[in-house]
Amino acid sequence: MTERPLTEHARLDDPLDLRGYTQVGGYQAVRTALTTMAPADVVTLVKDSRIRGRGGAGFSTGLKWSFMPMGPDAPHPKYLVVNADEMEPGTFKDRLLLEGTPHQMIEAVIVSAYAIEADVAYIFLRGEYKVAEERLNRAIREAYDTGYLGKNILGSGYSLDCYVHTSAGRYICGEETALLNALEGKRAIPRSKPPFPQTSGLWGKPTIVNNVETLCNIPHIINHGKDWFLKLSLTTSGGTKLYGVSGKVKTPGTWELPMGTTAREIIEQHAGGMQDGLRLRGFLPGGASTDFLTPDHLDVMMGFDAVQAAGSRLGTGTMIILDDKTCPVGMVRNMIAFFAHESCGWCTPCREGLPWLEKLLAAIEEGRGTEQDLHILDEHVRLLGPGMTYCALAPGAMAPLGSALIHFREDFERHIREKRCPWKH
Amino acid sequence: MATLFIDNTAYDVKDGQNLLEACLSLGFDLPYFCWHPALGAVGSCRQCAVKLFHDEHDKKGRIVMSCMVPVVDQMRISIKDPEARSFRAKVIEWLMVNHPHDCPVCDEGGECHLQDMTVMTGHDYRRYRFTKRTHNNQDLGPFINHEMNRCIQCYRCVRYYRDYAGGRDLNVFSAHDNVYFGRQQDGTLESPFSGNLVEVCPTGVFTDKTLKQHYTRPWDMQTAPSVCVHCGLGCNTLPGERYGMLRRVRNRYNGAVNGYFLCDRGRYGYEFVNADTRIRQPLQKNKDGELEAVSPEAATALLSEWIGDGSRAIGIGSPRASLESNFALRQRVGAQRFFTGLSEAQMEPLQAIYDILKTGPARSLSLKDLGEADAILILGEDVANTAPLAALRLRQASRVQPMEIAKRLRIPPWDDNAVRNAVQDDRGPMYIASPAGTGLNYLATRAVQTTPDDIARLGYAVAHAIDPNAPVVEVMSNGLQEMVGQIAQALIAAKNPVIVSGASCGHAGIVRAAGAVTKALYAHKLKAGIFLTVPECNSLGIAMMGGGSLEEAAERLASGDADTVVIVENDLHQRAEQPLIERILSSAKRVVVIDHTMNDTTASADWVLPAATYADGDGTLVNNEGRAQRYFQVYVPEHGTREAWRWLLDAESIDQVQTAMAEALPPLAAVSDTAPPADARFVDQRLVRKSHRYTGWTAMHAGKDVHEPYAAPDPDSPFTFSLEGYRGPVPGSVRNSTWTPGWNSPQGISKFQDEVGGPLRGGDPGVRLIEPEQTQSEYDSPPLPSARREGEYEAVPICHVFGSEELSARAPAIAQRVRPAYIGLNPEDAAALGLSKGEAASLTVGDTECALPVEIIETLSRGMVGLPIGLPGVPVLSLPTPASVRKARP
């Protein structure tokens, strides 16, 4: 049995309270870090453990932290913000951690905030995660009562306040700078970079934004060291990964597995394979904003580099399955409808392009499409690509569309030719 | 400087700016929407895409938004690159997805930035075949028409209205392709700078509602460079006329004065020119005491007879009449018999202002300089209501010091969102002392409300804290003394401190206190600027010209030395208490009034002669900076209307008047440099008032005469009332168009600037007439502390942007914004008097008594009563003055 440090103590029905969590070794990392390590030591350790961000972009966490201005001359207050705005379609991994082990989240916040000398931490939580909200707030209260949060934690001289902020609910809040604007009470539109949040983040102050799963690894790295962490992974970057599968498989769900487990193992063993009578046509490896992979890619290791080499992105590591009885045009239309609705309305290509695409895909699916429509779709895949738009939302939306236009082009053409959806009778 | 390669040609450009600014400054046509020179760049519209190459070997390059990329030496970009061009055309296609194709019925048509940019990108066919999203429009009040379906979501309106101008009641709502720009609910836009939305909006979402009442196409309007007459700042304007009616006023860019913006009083006050109260022909009082029309010839003859050699006449000029009209009157009656048209109480602060500007040591700041000040002390003046655009500039100045934060983080100043994120709500030092809260208090580091005497004393105390040689001021309350130290420190620490004050408190001591603070700073070898507002468009001009007060005029008439009074463009009833004015008007045997608008003074005249306004005549005004600026006649009035100077002097042209004025009054000698003389020609041609697309030229008079009329002669300027003439580069003072090929909207102004947002090519309009003598002079003595008798109040003026200025209040749109008159009281005073809001209070000053509803003003200092200047029903009093207040008897 492989190690499952993140989910070992996860209990969705009745998570461990502070006492229970402490009994299974919880808050040991806080003690270790705050009483035996300097902040810079924690940053170095995290860098050496080669953990990459679990929110989708896969950026080196240690490197991100190292851009934070440190020491007595650094501007204060500094902030740690947990991106718990899990809204990527098909993704439900952070929810497991937040609801199952809320104290692990709080412990992760404390040690990570300590590493970057943050004064305040915010957990920016998806508004619909009511259960997580309640459990996190209870955990925070307990942590304050025990002296893990507040002034002079464990006599270390380090002080930290932590708050849960529940989002009003926009997908774009998952983009870290839009999240910061939302947290400041402004419209959730992304900010231009540079400056990066590390230099001018929340309220213009140095800020680090990290994903829930990323941070939850930190206490374990502190407790067990970088070598242990690297060994958990089958790839060069360390740790386990929460993988998920949704779609018409036998047992959809989320599992903590070694980073780099193959898609085949995840789909066939953990998700129980396709439902009877269905065949796998393709899958989005890491949420709605990643490119389709096909059954040819089943043996790809689900790590950052291997998935990229296969032409997609690991993203959140939670797959969405397309079977052979589902219309790929309809599936893509559904996703583009989501992205069009979640466009913040700031930049022209995304705001105007996505709704147009949504209408085109609707027309094609309903048998009203034309040859020119395919041309316009192709054009948008290019024009809504990286660099053309203000943030990564539209390029992300183009991933499933662009790859579907390659892998399932015949399906699009058939809709136009037959002036109907072949999947509908 | 940096070398920038654009399509493989090297250009020298200023580094630090962004690529879009660099390209536009070089004269390239690069389309954009969300960027605005005054608002900076945010990168939202994606319209200004160019190709950026890594180096000269990079053939592929990548698309970047030119507004978001700082120029770096040796950078290589392409504007012509096919991929970049295609992307720019696609951005327009996206914008056209929801933009209605209603150009033929859109008010913006013909001066629409979106039209221009669409043509520029070459987009001509919209492939989108589905329904467009639609919105409901809002009623935004008398100034702005709202048509949201046309919106292309460039976000400029909210960035201008909220971030730049500090308004709060316009915002962006909803998301994705349903983004909505408007108010939370229908209602009048509150900001006094809302009218700029008309020019900030790149298309027809926000348009001029007053223009809509009498709409005419932008290319069909005749126009000439003009100057706003509704306060003392002298903002430059472009009035537009057709069929003898003034249709609208638009901003005229002057880099040193108003830049890109106007206030709503200045933009919408123009309709007094068209009002029924305009005097359009000479009128003579008949036997029954009624005014009846006579011919201009008869009027001229009688005027000569009445004034004669001037020895039996006196002349009363006006701070709202041009230099030329005042001077003509002065010439006609003699300098000793010329009066400024101001009461002693009005002249005293104005004279103090002129003295300070003359003696220095601080130089008067232009509006542009004011926006660059990094520490601000405001004494007594509510600039937001007396000189609105100065308040807009001071709002930008409050960001100067916090910009250091952005600088430390290496954020370029034009990277607007990044700067605002880094700076957040940080404000530079701004201290305000005033009788009641001002429109800038929300920006103040600290604001204090106290009596006018104590405001002056606070100023002197600051001077003393900076320079021990300044007079000692005692008996300041503890709180104030602590504030004095803070202010002194902030001013000393600043690079460009400015002291702002003005005449609206009617208190020369406050003005002198402002001068004293600058003296103290100079005594410490520190630099400081001074910015003193004046009430009217030519207040400083009349102060420079000099002349007696109304009290002296009354004496002269009473002495029997004169029996005729000639009043030029001045409603004396607005100037001083009734008894004085009645004394003047009744002791003169003959009263001649030359004015453009009927008022209480014309009502008691024996003769009324129709004067031209800024729209139908020529003249020069001196603004509060001491900058003389010329306004040109926009159109020929139909009847006998002519400039007051033309009624008074037998001059062939304004140039002759100016020559005589230069001789008689050397400080005004430079006035003739404000504009090219009337005989100036450009490539042997006159300058055009009409666009080359002016329609109906031969048809518009066909109802009377089918022959094409000759253009009316213009002896006063190099302009012609025609569409035939010169259209090339001109000096800034005579630029009346922003048109260049492909640029029909006001955005085309960047083609006329040295660099975007910089001075106009050929110089910003206006000539500074006053430079300070840099010698140290003695300090004046501070006024004594206010000593009020028990139960006595001090009546102080309260100015309102809408209503306190006489002419604009006659414009219907502005009139809708004028609030009812009131008597303002501090809540505690009101309670002590047993008065609550809306109840009638009676105010007595000397023989004058009035009853008005009470308004509770939280910020009004105790013991003071606020009187709203100029509102209907408010008596004219020389303020500040002791007053008694009580509950009015029913």
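Here are some worked exercises on a predicted model with chains A and B.

**Exercise 1. How do H6(A) and H9(A) pack, and which residues make the contact?**

*Step 1.* Start with the two helices: H6(A) covers residues 102-115 and H9(A) covers residues 212-231. Their axes are 8 Å apart, at an angle of about 75°.

*Step 2.* Now put a word to that angle. Anything from 65 to 115 degrees counts as roughly perpendicular, so H6(A) and H9(A) are roughly perpendicular to each other.

*Step 3.* Pick out the residues. H6(A) brings Gln104(A), Met105(A), Glu107(A), Ala108(A), Val109(A), Val111(A) and Ser112(A), while H9(A) answers with Val212(A), Leu215(A), Cys216(A), Ile218(A), Pro219(A) and Ile222(A).

*Step 4.* Sort them by class: the contact has 10 nonpolar, two polar and one charged residues.

**Exercise 2. Which domains does chain A have, and what does the contact between domain 2 and domain 3 take from each?**

*Step 1.* Going by the domain assignment, chain A splits into domain 1 (18-231), domain 2 (240-323) and domain 3 (328-418).

*Step 2.* Take domains 2 and 3 of chain A: their C-alpha centres lie 23 Å apart. Nine residues of domain 2 and 12 residues of domain 3 go into the contact.

*Step 3.* Look at the domain 2 side. Its residues come out as four nonpolar, four polar and one charged.

**Exercise 3. Which elements of chain A touch chain B with two or more residues, and which gives the most?**

*Step 1.* Get the totals: 29 residues of chain A are in contact with 32 residues of chain B.

*Step 2.* On the chain A side, the elements giving two or more residues are helices H12 (328-342), H13 (348-365) and H14 (371-383). H13(A) gives the most, with eight residues.

*Step 3.* By class, this side of chain A has 13 nonpolar, 10 polar and six charged residues.

**Exercise 4. What are the neighbours of S20(B), and how are they paired?**

*Step 1.* S20(B) runs over residues 430-434 and is mostly covered, with five of its five residues buried.

*Step 2.* Check both faces. Met430(B), Ile432(B) and Ser434(B) point one way, Tyr431(B) and Ala433(B) point the other way, and all are buried.

*Step 3.* Move to one neighbour, S19(B) (residues 375-379), which pairs with S20(B) in the parallel sense over four bridges. Here Leu379(B) sits opposite Ala433(B).

*Step 4.* Then try S21(B) (residues 446-449): four bridges join this strand to S20(B), and the two run parallel. Ser434(B) has Gln449(B) as its bridge partner.

**Exercise 5. Which face of S5(B) is covered, and which is uncovered?**

*Step 1.* Within S5(B) (residues 75-78), Met75(B) and Ile77(B) form the covered face, and Arg76(B) and Ser78(B) the uncovered one.

*Step 2.* S1(B) (residues 2-6) runs parallel to S5(B), joined by three bridges, and Leu4(B) has Met75(B) as its bridge partner.

*Step 3.* S3(B) (residues 49-53) runs antiparallel to S5(B), also with three bridges. In this pair Leu52(B) is opposite Ile77(B).

**Exercise 6. What is the strand order in the open sheet of three strands in chain B, and which strands are at the edges?**

*Step 1.* The order is S27-S28-S31, with antiparallel pairing.

*Step 2.* S27(B) (619-622) and S31(B) (767-768) each pair on one side only, which makes them the edge strands.

*Step 3.* Finish with S28(B) (residues 627-631), which pairs with S31(B) over two bridges in the antiparallel sense. Ala628(B) stands opposite Val767(B) there.

Key. Residues are numbered from 1 along each chain as its sequence is written. Chains are lettered from A and ligands numbered from 1 in the order in which they are written. This is a predicted model: local features need pLDDT of at least 70, side-chain atom pairs count only at pLDDT 80 or more; totals for chains, interfaces and linings use all residues. Axes are lines fitted to C-alpha atoms, for helices over the stretch in contact, and angles run from 0 to 180 degrees between N-to-C directions. Angles under 35 degrees count as roughly parallel, over 145 as roughly antiparallel, 65 to 115 as roughly perpendicular and the rest as oblique. Two residues are in contact if their C-beta atoms, placed from the backbone, lie within 7 Å. Ala, Val, Leu, Ile, Met, Phe, Trp, Tyr, Cys and Pro count as nonpolar, Asp, Glu, Lys and Arg as charged, and the others, Gly among them, as polar. Domain bounds come from an automatic or database domain assignment. A residue is buried if 20 or more other C-beta atoms lie within 10 Å of its own, exposed if 12 or fewer, and partly exposed in between; C-beta atoms are placed from the backbone. Two strands pair if DSSP finds at least two bridges between them.
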